[in-house]
Amino acid sequence: MRLNSTIQRIKPSGIREFFDIVSTMPDALSLGVGEPDFVTPWYIRDAAIKSIQRGYTAYTSNKGLPALCEEIAAYLSRRFGTDYDPKSEILVTMGASEAIDLALRVLIEPGDGVLIPSPSYVSYLPITMLCGGAPVPVDCTLRADFKLTPEALEQAAADGKSKVLIMPYPNNPTGAVMTAEDLAALLPVIEKYDLSVVSDEIYAELTYDGKHVSPASINGYRDRTIVINGFSKAFAMTGWRLGYIAAPADALSAMLKVHQYTALCAPTPSQYAGIAALKDGRYDGYKAVEDMREEYDRRRRFIVDELNSMGLTCRLPGGAFYALADVSSTGMDGQRFARRLLADEKVAVVPGDAFGDAGKNYIRVSYATSLRTLMQAAERMNRFVARCAEERRTGAE
């Protein structure tokens, strides 16, 4: 059977490789999972149950339920100061992953470059390739707090071959966030090379110091920006597969064409659950979201302190629920460190190079797990790092 050559060139997910290993080790502690450890709030689950009981099981409009589109538009305006017409500028998708795929499909021609900050979410590069584009990494260094800088963007875009910039903030795996000033500083470079922006804001509600700033809220960005978001992280709804796109009407119309033929519509019960998440949550100030964020905040401060105390350099992340730790002090890169840690102490973390070459000397630690688990994992990791230091001191293998 002849298979597509592009797909054959794409490497399997570095994250999934470790998940598969961990699944065979019942006593392992996993700090690799990129999903909330909370159950979807009951008022959201109840809305889905009631929709099924009432027989709302048919297809919806390709765009999504009108009531959900209206709630999404109102939510974006209220929380992030971006204004979109629910009738022509909102599209409900099967998770944010489908939304990323739709955005790149309509923005690039074969061979066009897509600028991807590195380290970044593992899917951007393969989706770019599947859409016929050429991934162009943009190094985001620890020295710049892993933020995208005008200098780095200018250097990566200088050949003029790139058409799209992915803006993945708050960032997975670094936890970096971009302020309004950071975003404004990029705009001259974006305009110089006439770049379209795909802003993946799935972790927008998980911003700890201040409030998330969407590029679409800044003058000069809106007409060239596709905003991607969803319910997975903020409302602990990963399995519901519910995301959305907010974009200018012409781009939205193009993405709707692809969506109609490839996905038809998002799951109907999930859409009713989404309405409840936004509408009912509004009346209590999204307390469930706030409670989850407060708990993540406690965990992030604990694990970052632990990582630094054992000699693994780790900045305090401003968003998401990941900490990126530099393990080069152990004499190992992220791959070797992660594999040895799993084998020796049964703690699973993700090697940083899964998120791009810039992450080679790092590991990603997810704190989307209980504080008790984090404490146990930190104890094992500390023991492992100390043992590695002793091996280096004595020259043992």
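In this predicted model, the axes of helix α3, which spans residues 42–53, and helix α10, which spans residues 268–283, come within 8 Å of each other and cross at roughly 140 degrees. That angle makes α3 oblique to α10, since angles count as roughly antiparallel when they are over 145 degrees. The crossing in which α3 passes α10 is right-handed. On the α3 side the contact is made by Y43, I44, A47, A48, S51 and I52, and on the α10 side by P269, Y272, A273, A276, A277, D280 and G281. Sorted by class, the residues of this contact between α3 and α10 comprise ten nonpolar, two polar and one charged.

A further helix pair is formed by α12 (residues 334–345) and α13 (residues 371–394), which pack at an angle of about 110 degrees with their axes 10 Å apart. The two helices, α12 and α13, are therefore roughly perpendicular to each other, and α12 passes α13 in a right-handed crossing. Helix α12 contributes F337, R340, L341, D344 and E345 to the contact, whereas α13 contributes R380, M381, R383, F384, V385, R387, C388 and E391. The contact of α12 with α13 has six nonpolar and seven charged residues, with no polar residue in it.

Turning to the nonpolar cores, the largest one has 62 residues, and those with the most contacts inside it are I245, M255, L307, F337 and M381. Of these, F337 and M381 also take part in the contact between α12 and α13. For M255, when residues up to four places away in sequence are not counted, the residues touched are L91, L102, A103, V106, I226, I245 and A247.

Leaving aside neighbours within four places in sequence, L76 is in contact with G81, T82, Y84, I90, Y244 and A246.

Notes. Residues are numbered from 1 along each chain as its sequence is written. This is a predicted model: local features need pLDDT of at least 70, side-chain atom pairs count only at pLDDT 80 or more; totals for chains, interfaces and linings use all residues. Side-chain values use heavy atoms; hydrogens and water are left out. Axes are lines fitted to C-alpha atoms, for helices over the stretch in contact, and angles run from 0 to 180 degrees between N-to-C directions. Helices (H or I, at least four residues) and strands (E, at least two) are DSSP runs, numbered from the N terminus. Angles under 35 degrees count as roughly parallel, over 145 as roughly antiparallel, 65 to 115 as roughly perpendicular and the rest as oblique. A crossing is left-handed if the near helix is turned anticlockwise from the far one by less than a right angle, and right-handed if clockwise. Contact means heavy atoms within 4.5 Å. Ala, Val, Leu, Ile, Met, Phe, Trp, Tyr, Cys and Pro count as nonpolar, Asp, Glu, Lys and Arg as charged, and the others, Gly among them, as polar. A nonpolar core is a set of buried Ala, Val, Leu, Ile, Met, Phe, Trp, Tyr and Cys residues joined through side-chain atoms within 4.5 Å. Buried means under 20% relative accessible area, exposed over 50%, partly exposed in between (1.4 Å probe, protein chains only).
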